[in-house]
Amino acid sequence: MSLVSVGNKVVNLKGLYYEGGKGIVIDETDRKIKNDETVIFTSPQDYGVTSAVCTENVTNFEFLRIKLWQGRNGDGEAPVDQPNSRYEIIMRPDGMKHSYATYGGVGVYDWRHWVGTVLQASGNTVTARCEVDWLAYLDPAEIMCQEDPEAVGIVQITGVNRI
Amino acid sequence: MSYQLFAGGLTPYTAGTGIVVNNTNHTISIDETELFYDATPANNQSVTLSETSAHFQRMRVEVWFDGDYVTTCDVYPDGCDWAFASYAGAETQGSQTQRHTCFGTLRANGTSLSVTNLIDWIWQTNPNQYWAADIKSDSTQHYGIRRVTGINRVA
């Protein structure tokens with residue numbers, strides 16, 4: 001008989017077992033039901049990692065949950081001056097280019113940034129590249145655009161639903 | 001938070017909890033159902049789901065853009081427009097590279113799921129030019145729905 005803690009209840013999970021890809025893990029050690037999510041990369045710093053080498057192959061999972069840092073605007077400012085916003089994306093490790101666009105925060109001299117980023121996962125490597133950075137300066141109204149590969153950095157990657 | 005597991009056995013299923021308990025094969029799993037998938041998507045601006053969206057608390061939609069770019073958006077099946085933005089990739093026009101940032105909406109209503117791209121910011125890298133384009137009229141083949149899942153069954 002397996003005993004599993006659910007909140008403050010202890011329940012009998014007679015015959016219950018785990019199947020890969022179901023999103024749930026039964027931990028027989030601490031007797032808890034947990035989300036099937038494994039940390040496969042954590043950055044030692046919170047910016048600048050554009051190619052993350054994971055501890056296992058990304059195709060072992062149904063989804064990847066990737067936490068990114070964004071802010072560097074390519075003008076050579078020191079990191080301390082940069083916006084420090086975060087973004088999280090869920091993607092399938094299916095070889096497709098997964099992309100997103102989001103507000104990247106207020107940089108130095110009051111420029112507003114809107115960045116577009118592409119993520120790709122292959123083998124045990126996940127890459128992130130900011131391919132477009134739209135900048136708006138409010139007074140006087142002005143718009144610029146630039147490539148800025150280092151405007152994003154991978155902070156953490158978890159694999160969701162082991163298959 | 002409510003619990004649907006009880007000592008001495010498992011209730012077969014309670015909607016809306018995010019977890020499915022299957023007493024037949026004795027498994028538990030995340031409550032997410034695939035409602036549409038097109039492995040080679042093109043021009044799927046409106047797709048028919050295999051089940052009404054109202055049966056689910058939320059939808060998760062993969063929107064495909066030119067080539068093999070995909071973005072993931074969550075949508076509530078309330079008949080409202082849900083906004084998204086995504087970088088939609090680079091394309092070569094002769095000797096120029098154009099980069100696209102797309103803004104659009106998704107709407108789930110019954111068994112219908114539709115995506116509308118309202119605007120496309122285009123940046124041409126050489127020479128450095130940028131402009132906004134309404135792509136509804138001329139570029140509908142450039143985006144579509146790739147995959148739809150329903151999350152947390154509620155009915």
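A strand here is a DSSP run of E, at least two residues long, and strands are numbered from the N terminus. Keep that in mind for N152(B), which sits in strand β13, residues 143–153, of chain B. One caution before we go on: this is a predicted model.

Let's take the chains in turn. Chain A has zero helices and 13 strands. Of its 163 residues, 37% are buried. Now the contacts between residues at least 6 apart in sequence. In chain A, 59% of them join residues at least 24 apart.

Chain B also comes to zero helices and 13 strands. Buried residues make up 34% of its 155 residues. For contacts with a separation of 6 or more, residues 24 or more positions apart account for 54% in chain B.

Next, domains. Chain B is divided in two: domain 1 covers 1–30, and domain 2 covers 32–153. Where they touch, four residues of domain 1 are in contact with four residues of domain 2. On the domain 1 side, that gives two nonpolar, two polar and no charged residues.

Now one residue in detail, T72(B). You'll find T72(B) in strand β8 of chain B, residues 69–75. Is T72(B) buried or exposed? T72(B) is buried, because 20 other C-beta atoms lie within 10 Å, and 20 is the cut-off for buried. What does T72(B) touch, beyond its neighbours within four places in sequence? From chain A, I89(A), I90(A) and M91(A); from chain B, R60(B) and E62(B). T17(B) is 55 residues away along the chain, and the two C-alpha atoms are separated by 22 Å.

On to the backbone. Most residues other than glycine have a negative phi, and most peptide bonds are trans. Here are some exceptions.

Peptide bonds first. From D139(A) to P140(A), the bond is cis, with omega near 5°. P140(A) lies in the loop between β11 (125–137) and β12 (142–146) of chain A. In chain B, the bond from N126(B) to P127(B) is cis, again with omega near 5°. P127(B) is in the loop between β11 (112–124) and β12 (129–133) of chain B.

Then phi. N161(A) has a positive phi, near 65°. N161(A) is in strand β13 of chain A, residues 152–162. With 21 other C-beta atoms within 10 Å, N161(A) is buried.

Back to where we started. N152(B) has a positive phi too, near 65°. How many other C-beta atoms lie within 10 Å of N152(B)? There are 18, so N152(B) is partly exposed.

Definitions and conventions:
Residues numbered from 1 in each chain as written. Chains lettered and ligands numbered in written order. Predicted model: local features only at pLDDT ≥ 70, side-chain atom pairs only at ≥ 80, totals over all residues. Helix = DSSP H or I, 4+ residues; strand = E, 2+ residues; numbered from the N terminus. Buried ≥ 20, exposed ≤ 12 C-beta atoms within 10 Å, placed from the backbone. Contact = placed C-beta atoms within 7 Å. Domains from an automatic or database assignment. Nonpolar A, V, L, I, M, F, W, Y, C, P; charged D, E, K, R; others polar.
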